[in-house]
There are 2 protein chains.
Amino acid sequence: MIDKQALHSSIAGGVTGPQGFKAAGVTAGIKASGKPDLALVFTEKPAVAAVVTTQNSAAAAPILLSREIVQDDGPKHAVVINSGNANACTGSKGMDHAKAMVEATAQGLSVPFSSVIVNSTGIIGVPLPVETVVDGIKTAIPLLSSDAGHEAAVAIMTTDIVSKEIAVEVDLGGRFSGRKVRIGGMAKGSGMIAPNMATTIAVITTDALLSHETLQTLLSSAADKSFNQINVDGCESTNDMIVALANGASTEEELAGNGTGRAFGQTLRRAPKPILSAADPELQVFAQAFDHVCIELAKMVAVDGEGATKLIEVTVTGASDLESARVASMSVVRSDLVKSAAKGNDPNWGRIVSAIGSTSAAVSQEKMSVSIQGTPVCQGFMVCDFDEVAVSNMMNERLLSIEIDLGVGDSSAVAWGCDLTEEYVHINSDYRT
Amino acid sequence: MIDKQALHSSIAGGVTGPQGFKAAGVTAGIKASGKPDLALVFTEKPAVAAVVTTQNSAAAAPILLSREIVQDDGPKHAVVINSGNANACTGSKGMDHAKAMVEATAQGLSVPFSSVIVNSTGIIGVPLPVETVVDGIKTAIPLLSSDAGHEAAVAIMTTDIVSKEIAVEVDLGGRFSGRKVRIGGMAKGSGMIAPNMATTIAVITTDALLSHETLQTLLSSAADKSFNQINVDGCESTNDMIVALANGASTEEELAGNGTGRAFGQTLRRAPKPILSAADPELQVFAQAFDHVCIELAKMVAVDGEGATKLIEVTVTGASDLESARVASMSVVRSDLVKSAAKGNDPNWGRIVSAIGSTSAAVSQEKMSVSIQGTPVCQGFMVCDFDEVAVSNMMNERLLSIEIDLGVGDSSAVAWGCDLTEEYVHINSDYRT
């Protein structure tokens with residue numbers, strides 16, 4: 001286990017933290033509120049891209065289009081996202097509108113159509129006001145700046161209370177010792193409001209030089225540990241998408257700098273083969289930082305769930321396999337009873353046990369145990385001797401930690417969610433007027 | 001399709017509606033409230049029994065014991081259920097207590113240990129006050145009466161607002177024309193309250209003469225259409241159990257009556273083989289009535305969900321197969337967003353489409369459609385032209401009907417749930433004091 005702390009450090013800038021990325025966030029006028037609703041991320045230097053998208057069979061038009069575009073072998077230059085309208089359940093007109101967004105972005109930036117990834121978030125089933133969106137794109141392009149990561153993060157918000165951004169710098173160590181690469185990211189959260197808001201969108205940028213295959217492997221792996229391990233209300237959206245762009249700009253900086261060493265992955269310029277392998281310690285260091293960025297963004301999404309007052313972190317250890325660990329941890333953060341108990345600071349371990357028991361995960365009747373905020377509350381499916389009032393008081397925090405040992409193996413997983421509050425129901429039951 | 005209305009009619013009595021069944025419901029003193037908490041169902045005439053139990057790996061001691069007892073070939077005579085304490089997560093002592101309940105019931109009724117089925121519902125993780133329960137059993141036995149189905153139904157309630165009972169009489173028709181058999185049932189609902197209440201328990205009685213295998217087949221089939229198609233909060237309990245008892249008493253009534261004909265299933269007395277076959281129209285008539293009893297009880301459970309103000313009935317048609325129809329319909333009734341929209345009378349079809357899309361069910365992009373209270377709101381993943389205010393007004397009823405055609409096949413399923421209200425969160429978040 002490599003100590004993460006020593007290997008990456010926080011930097012400013014969000015998606016524009018890595019070298020060579022610019023962003024913009026503007027008010028196109030899609031949202032009635034007049035808040036920013038159009039975000040652009042751009043790298044002049046060609047990048048490779050990877051995506052993870054919703055499995056929802058009602059996937060929105062921009063999702064369908066972006067999947068095609070990422071499959072295309074050509075270089076990638078931009079991501080364009082509007083908020084305020086999801087362009088989902090909008091039929092063939094929806095696809096025309098998604099293409100119009102790509103076209104406007106590509107023309108304005110003088111890059112190929114197939115280099116622009118698109119997504120939308122907001123109301124489902126209402127035609128996109130495409131002219132407004134296209135005008136917004138035209139407004140955003142001249143404002144692209146290497147300092148505007150925050151503006152882009154704000155422009156993809158729907159009912160999010162805070163914007164979600166992160167950037168880190170990684171010293172890869174090993175044969176690349178002293179070489180720095182950067183990873184940045186922004187995300188929007190689980191805001192579902194009248195009539196219906198699409199859920200998670202995240203953009204990850206890095207100036208590492210990676211092959212498409214390597215980036216896709218890194219992203220899929222990170223998504224399984226982060227965005228696929230969070231839950232607000234169990235409702236998979238039509239527009240979920242995580243997109244990663246790697247433009248290799250760190251290599252140029254290196255070469256322009258002391259010019260001595262071979263940059264991370266530089267050989268890929270000559271031979272673009274996947275470089276991810278278990279035997280490659282530098283890649284592992286990068287992957288850890290990449291996971292960290294995705295996990296931190298995912299946690300920001302979870303804690304900003306509608307009506308939420310706290311982040312619930314469920315760690316499952318001792319599972320027979322990884323899938324069991326993930327299923328068990330997700331079952332706990334998805335339980336409305338656990339979520340309600342979290343809201344009320346109720347150390348209700350029976351609901352946790354019941355949530356675990358309802359999954360296919362193997363559990364040792366004798367060895368299993370549950371701790372809440374570090375205090376053992378259940379051992380071998382029976383109550384421990386603990387002070388309920390004291391544990392309840394300990395639960396009155398922004399972070400609620402639940403640890404479960406299934407007692408049958410060595411696999412583990414962490415899932416994150418939020419409490420269920422009256423405010424969630426209030427937000428989601430008001431008839432739109 | 002046989003017209004159900006013509007073939008069975010409602011009768012009084014709940015579990016004591018069928019011939020030969022007695023019941024009792026008493027206050028043992030398990031509940032602090034002093035409300036009834038001990039129910040007994042008894043048939044002097046030996047019965048066959050079938051059960052469907054929770055798949056939760058933290059299944060409670062009485063569930064484990066009852067599974068064993070039902071496996072035993074011997075006759076069955078009684079079901080004993082206490083409320084107020086689930087005897088779940090109580091270790092080996094919990095099993096001792098469950099056995100003590102069976103032992104006390106068997107001794108008091110002078111029937112074999114292996115003829116008594118047991119269950120408990122209420123708080124998880126707290127040792128059962130077994131002496132109080134055993135005293136309650138001793139109190140209940142002399143009160144057993146063929147009129148006390150209602151008292152038993154009340155005694156299994158936890159946070160249920162109303163008791164759940166039904167009984168029907170069936171004219172089997174065909175070669176058994178004019179012969180009547182009866183089916184009765186009681187259930188308790190999804191009340192989960194400090195710290196944790198186990199969920200569904202149902203007892204179905206019938207005076208039809210059936211083999212164990214036939215009864216199990218009927219019960220498993222009915223459960224898949226009823227109790228397995230309802231949802232309140234997606235939390236599977238440690239104590240869920242549906243038990244069915246068939247004592248064949250209708251045959252004696254027949255024989256004691258005009259004495260002319262062969263009673264339904266009478267041949268089973270000589271050769272106890274399964275009689276369920278597609279070619280047996282009388283069995284199909286009985287099965288329809290049996291399904292009806294289970295479905296009506298399940299709907300009573302759904303609409304009495306904590307904090308619920310209405311029953312949501314989701315009918316999925318046009319599915320590629322039965323499993324897809326069930327998964328899709330359950331996904332809609334489980335969606336917290338759909339449940340919240342139901343509360344607010346919001347005809348939010350996007351949430352319905354999203355819930356369907358998140359399942360593995362095949363959906364035709366062109367042919368799929370959604371109706372709310374009979375009004376088409378979505379066709380081919382696009383909005384229909386409908387009056388939102390009018391549909392919202394139509395949703396302000398105790399029964400909310402959502403119909404979804406997946407447009408790919410001929411299979412269908414119905415699922416029932418309830419709306420999600422602030423009251424649900426309030427009930428389940430209050431720390432027990």
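Predicted model: local features only at pLDDT ≥ 70, side-chain atom pairs only at ≥ 80, totals over all residues.
Two copies of a chain are related by a rotation about an axis and a shift along it. Here, chain A is superposed on chain B by a rotation of 180 degrees, with 0.0 Å of shift along the axis and an RMSD of 0.0 Å. The two copies are thus related as by a two-fold rotation axis. In chain A, the C-alpha nearest this axis belongs to Glu422(A), at 2.3 Å from it. The contact between the copies fits this picture: 100% of the interface residues of chain A are also interface residues in chain B, so the copies meet through the same surface.

Next come two helices of chain A. Helix 2 covers residues 61-71, and its buried residues are Ala61(A), Pro62(A), Ile63(A), Leu65(A), Ser66(A) and Ile69(A). They pack against strand 3 (38-53), helix 3 (91-109), strand 5 (116-123) and strand 10 (241-246) of chain A.

Helix 6 of chain A, residues 212-225, has 14 residues. From its first C-alpha to its last it reaches 20 Å, close to the 20 Å expected at 1.5 Å a residue. Its buried residues include Thr214(A), Leu215(A), Leu218(A) and Ala222(A). The buried residues of helix 6 pack against strand 3, strand 10 and helix 8 (281-303) of chain A.

Now turn to a sheet in chain B. Strands of a sheet pair through backbone hydrogen bonds, either parallel or antiparallel. In this sheet, 7 strands lie in the order 9-16-11-15-12-13-14; the sheet is open and its pairing is mixed. Strand 9 (230-231) and strand 14 (382-383) of chain B are the edge strands, each pairing on one side only. Inside the sheet, strand 11 (residues 311-319) and strand 16 (residues 411-418) of chain B run antiparallel and are joined by 7 bridges. Within this pair, Thr315(B) has Val414(B) of strand 16 as its bridge partner. Helix 13 (residues 388-395) of chain B lies across strands 12, 13 and 15 of chain B, running at about 120 degrees to strand 13.

Last, the cores. In soluble globular proteins, nonpolar side chains tend to be buried together. The largest nonpolar core has 280 residues, and those with the most contacts inside it include Leu40(A), Val41(A), Ala152(A) and Ile242(B). Among the residues that Ala152(A) touches are Val15(A), Ala23(A), Leu40(A), Val41(A) and Met186(A). A second, separate core of 6 residues includes Leu420(A), Tyr424(A), Val425(A) and Tyr424(B).

Methods: Residues numbered from 1 in each chain as written. Chains lettered and ligands numbered in written order. Buried ≥ 20, exposed ≤ 12 C-beta atoms within 10 Å, placed from the backbone. Helix = DSSP H or I, 4+ residues; strand = E, 2+ residues; numbered from the N terminus. Contact = placed C-beta atoms within 7 Å. Least-squares fit on C-alpha atoms with pLDDT ≥ 70 in both. Pairing = 2+ DSSP bridges. Axes fitted to C-alpha atoms, helices over the stretch in contact; angles between N-to-C directions. Expected span 1.5 Å × (residues − 1). Core = buried A, V, L, I, M, F, W, Y, C linked by C-beta atoms within 7 Å. Lists of a residue's contacts leave out its neighbours within four places in sequence.
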